[in-house]
Amino acid sequence: MAEELLINVNPFETRVALVSHGLLQEIHVARAEGYSVTGNIYLGRVERIVPGMQAAFVNVGLARPGFLHARDIDAPRIMRGDDQQNAPKTDIRDLLHEGQSLLVQVEKDPISSKGARLSTQLALASKYLVLMPMEQHIGISQRIDIEDERQRLREVLETVRDGAQAGIIARTASEGATAEQLQLDFQLLQRVWSHVQEARTKVTAPALVFEELPLHSRMVRELVGPDTETVFIDDESTYRRIRRYVDEFIPNFAERLHFYDGKRPLFERHGVEDEVKRALTSTVALKSGGSLVIEQTEAMISIDVNTGGFLGGHNLEETVFRANLEAAQSIPRQLRLRNLGGIIVIDFIDMEDEEHQRQVLRALEKAAEADPARTRIEGFSSLGLVQMSRKRTRESLAQTMCQPCHHCAGVGVVKTAESTCVEVLRALSQDHQARCRGKSVEGEYLIRATEAVVDRLLDEDAQYLTDLSESIQQEIRIQVEPSYRQGQFDIVLVQNVPR
């Protein structure tokens, strides 16, 4: 599968796009004020322990304390006065105490109101390997499925480690890598770990002791593979920096690295800008005429499949099957592009044929194989829904680039002018009852609202307003307030002030 990596850099933003066969598969955005901290290692200080959650909040110097769960603590090394390798993790209070300093690594960026997810099980990644200083075992990526290659890598890593007290995982990119390449990678990671240990002795918690590579270099490390034909970079200084990185760690890839100085902007030339705009909408048009409606909530992602204008097929069942099949092939790409994770529920169009259900499920699983994020797919439920999960490590594309609407506060809907008028009339009546209680009050009421509400009060609801004015025996004036949002209004009693 031919791929291109596009890197767009300017002083206020860095964007990295992975394009496969002309389709945008993945987009990473880092703003000057919002770079990812995933992978960073901090010397943190335990601020608060919550036994009921079996968790601790650790100050690492970010805006909010990070969240550290007991299962993410390397207990034998953290536990006070206990060096047993099989120490039981019974209570977080046996592992940590408030004010304690410890090394932690960010596993998930802060998302919305949640602090960063932390772990004491440290891991340092390079092109081919992951070094785990707190572990001892050797692991091989599950995506390497050729048993002979898995065995070869295991034997090479045993030799490379040569008795070093650290665990190693061979990443997917290590498939086919030589023993020399793996040896160089391991030595690099050992130097990085030595730097972390040295930095820890020179700082006081909370403090950063190791910072992951910047976005552009990290994405080259993570996304470049055997299918990558070209990497285009539109900033000369960034190109030189990445070129040095490639020459040192991926020398056989150097000829595929290019500085882009075309007349048209890099992302515009490859159609990325339009793809990103579409990825921020909830509706995805399918080629057949059907559509997906993707909604992101706090707890889960819901995806609804619609036939739309798709009328193909000889009968209804065949039409539904083909629409669902195309949707199943498109959904994993949309999840990856939008970086949506957590629990995902897919409402396919109802199918009666069980074989059609199996084929749609297989298409979904096959399309998800291209996604580097860990996914799990369940079968059709009794309600015809498919549930899947996708590992989430950072904010979604919408969370990165958008904010809740100040009119609807993220709900997605606003009150109609009719509903607002009803509220105005009700509030006016209640205010008069509370103020007067049988007594007459001098002055007049002033209603301030949006133009749509004022228009309705003067037209469809004019009789209600007149009747209410007579009932409370008060004059009522209406004023348009352009700065008010839909559904907002004010009622003011304007009294005569003697001069």
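## What counts as a pocket

On a 1 Å grid over the protein atoms alone, a pocket is an open set of points with protein on both sides within 12 Å along at least five of seven lines, and a lining residue has an atom within 4 Å of a point. This is a predicted model, in which local features need pLDDT of at least 70 and side-chain atom pairs count only at pLDDT 80 or more, while totals for chains, interfaces and linings use all residues. Residues are numbered from 1 along each chain as its sequence is written, and side-chain values use heavy atoms, with hydrogens and water left out.

## The second largest pocket

Let's start with an open space. The second largest pocket holds about 1400 Å³, where a volume is the space filled by probe spheres set on the grid points, joined across faces, edges and corners. Its lining is made up of 42 residues, and Q296, T297, E298, S396 and Q399 lie nearest the centre. Helices (H or I, at least four residues) and strands (E, at least two) are DSSP runs, numbered from the N terminus.

What classes of residue line the second largest pocket? There are 19 nonpolar, 13 polar and 10 charged residues. Here Ala, Val, Leu, Ile, Met, Phe, Trp, Tyr, Cys and Pro count as nonpolar, Asp, Glu, Lys and Arg as charged, and the others, Gly among them, as polar.

## Salt bridges within helices

Next come the charged pairs. The model has 23 salt bridges, each a side-chain nitrogen of Lys or Arg within 4 Å of a carboxyl oxygen of Asp or Glu.

Helix α2 (residues 147-161) contains E149 and R152, 3 residues apart, about one turn of the helix. Their side chains meet in a salt bridge at 2.8 Å, N to O. E149 is buried, with a relative accessible area of 12%, whereas R152 is partly exposed at 28%; buried means under 20%, exposed over 50%, and partly exposed in between (1.4 Å probe, protein chains only). Also in helix α2, E158 and R161 are 3 residues apart, and the closest N and O atoms of their salt bridge are 3.8 Å apart. E158 is partly exposed at 45%, while R161 is buried at 14%.

## Another helix and a network

In helix α9 (residues 354-368), E355 and R358 are also 3 residues apart, and they form a salt bridge of 2.9 Å, N to O. E355 is partly exposed at 30% relative accessible area, and R358 is partly exposed at 42%. Elsewhere, salt bridges link E418, R456, E460 and D461 in a network.

How values were computed:
On a 1 Å grid over the protein atoms alone, a cavity is a set of points where a 1.4 Å probe fits but cannot get out, and a pocket is an open set with protein on both sides within 12 Å along at least five of seven lines; lining residues have an atom within 4 Å of a point.
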